[in-house]
Amino acid sequence: MFSKEKIIVAYTLEKCISCNLERKRKFKEGDKLFLDALNCDSCKGIMRIEKIYGETIES
Amino acid sequence: MIKLDSSIAETMVDLTNIDFDQLFGFGDDSNPLMMLIWILPIILFIFYGQRIQLQVTSGEIKKSIKKLDSYRAEARKELIDYINKNLSLKQDPTKKIDQFLEYFTIMPVDMDPNGIVDKVRHTVRAREDYSRIHVKSLSPEIDEIELSRVLTLLEIATSLHMIYKVINHMFLTAKKQNNYPLILPLQMMLPFIMEEAEAITKAIPAFKLGQPIGDGIGPMVVGKMMLDSKKETVAFQTVLAKKEHAGRNLLLLKAEGPGSNVGRPGDAVESIVSSNKPDVIIMIDAALKLEGEDSASTARGFGAAIGGIGTERFQIEEIATKNNIPIFAIVIKQSVKEAITLMTKDIANQAENVHSQIEEMIQENTTAGQTVLLIGVGNTMGVPQ
């Protein structure tokens, strides 16, 4: 009956250049596309910020 | 007790046996009460119908204007807060910001349209340059990325301020004149204006945080292709990288990120074509979707895919026509709100698809050894190269 409030949450998707492993986390101020991130958990390769996007959550 | 009940029953109206013909005088044309009941509203509506409609419509418009007022106040507050928080200021910026909000742009006379594009470009760029210099004067040490964010927030606040003022003016004029037809166009336009104003307001957080917006999908795709190549500035806030792909020479062009810029692709194309004429131009841009179309769907077409007031498009079309260069376009469809707010997951997920469509388009329309100018059009905030 009542429309739920929609909240947009920003996420940062990091991707390993070597093994393509993806890691999704909440957006942090200063994140920019294609910036190097922490090393890959799987192969210790370089991870890069691949995408920054918003997902709508109904509360 | 029984006697009392029967007397009450006698005085009560029998509701199960009402003669409606008699009550409303359907069968009798000369019933004066009935004539009044029917004729009074007709007379009322003939003479005061428009005023009644004006009152009803006014109520709805007033609510929207109140919302617009809150949007502009929010945008102004966010801008002042952002400046106070992020810039090292010598003085209180409020007075200067309020001055900026009142700035207007007078578009050139178009009675003689010859040369109007140059005049429009000159006027718009003069305003941009002026704003840049004056925001910089607030804090001379400000870096280019921060400056671009402040300028965009200023643009948002100015747009909302102007929308509020124009709508309020139209409403008050109609009310002052008690003129219902004057309020009709406003009533028809208002839902679209409200949608746009809401979208502009919701864009503020993304610009404050430097997040990529939906319009940035073109620069995002081209920026990724530029990553390992040497970049050079070819026009104001516009960068070029050269790369080889499948035997073709790729000239990759986008606005300089990660600031909130759209660059000057028109000037850049002019400069590139004069030194290294491409065989094909491919433009990647966000496009407004039609109602019913899926968000983040892509389409291919012909012609210069670039929005704005039209000066950049005119320049690119003119250069392409003079040099006989075909222009192809790939667009990623989205709503106004999606285009200026944080990029949605669906749009971001189209990046790989657009990249493969570019490769396909290059294969289909060029041969080995040819040069392709690939332009990622749009606001490049949060998107480096």
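**Notes on a two-chain predicted model**

1. Let's start with a hairpin. In chain B, strand 1 and strand 2 form a hairpin with 2 residues between the strands, and Gln237(B) there takes a positive phi near 55°. Strands here are DSSP runs of E with at least two residues, helices are runs of H or I with at least four, and both are numbered from the N terminus.

2. A word on the ground rules: this is a predicted model, where local features need pLDDT of at least 70, side-chain atom pairs count only at pLDDT 80 or more, and totals for chains, interfaces and linings use all residues. Residues are numbered from 1 along each chain as its sequence is written, while chains are lettered from A and ligands numbered from 1 in the order in which they are written.

3. Strand 1 of chain B covers residues 231–235 and strand 2 of chain B residues 238–245; they run antiparallel and are joined by 4 bridges. Two strands pair if DSSP finds at least two bridges between them.

4. Now chain B as a whole. Its secondary structure comes to 14 helices and 7 strands. The radius of gyration of chain B is 31 Å, well over the 21 Å from the globule rule for 385 residues, so chain B is more spread out than a compact globule. (That radius is taken over C-alpha atoms, and the rule is 2.2 Å times the number of residues to the power 0.38.) The C-alpha trace spans about 110 × 55 × 55 Å along its principal axes.

5. How much of chain B is buried? The share is 35% of the 385 residues, where buried means 20 or more other C-beta atoms within 10 Å of a residue's own, with C-beta atoms placed from the backbone.

6. Over in chain A, 3 strands form an open, antiparallel sheet in the order 2-1-3. Strand 2 (22–26) and strand 3 (47–58) of chain A are the edge strands, each pairing on one side only. Strand 1 (residues 6–16) of chain A is joined to strand 3 of chain A by 11 bridges; Cys16(A) has Met47(A) as its bridge partner in strand 3.

7. Finally, where the chains meet: the contact takes 12 residues from chain A and 17 residues from chain B. Two residues are in contact if their C-beta atoms, placed from the backbone, lie within 7 Å. On the chain A side, strand 3 of chain A gives the largest share, 5 residues.

Technical notes. Buried ≥ 20, exposed ≤ 12 C-beta atoms within 10 Å, placed from the backbone.
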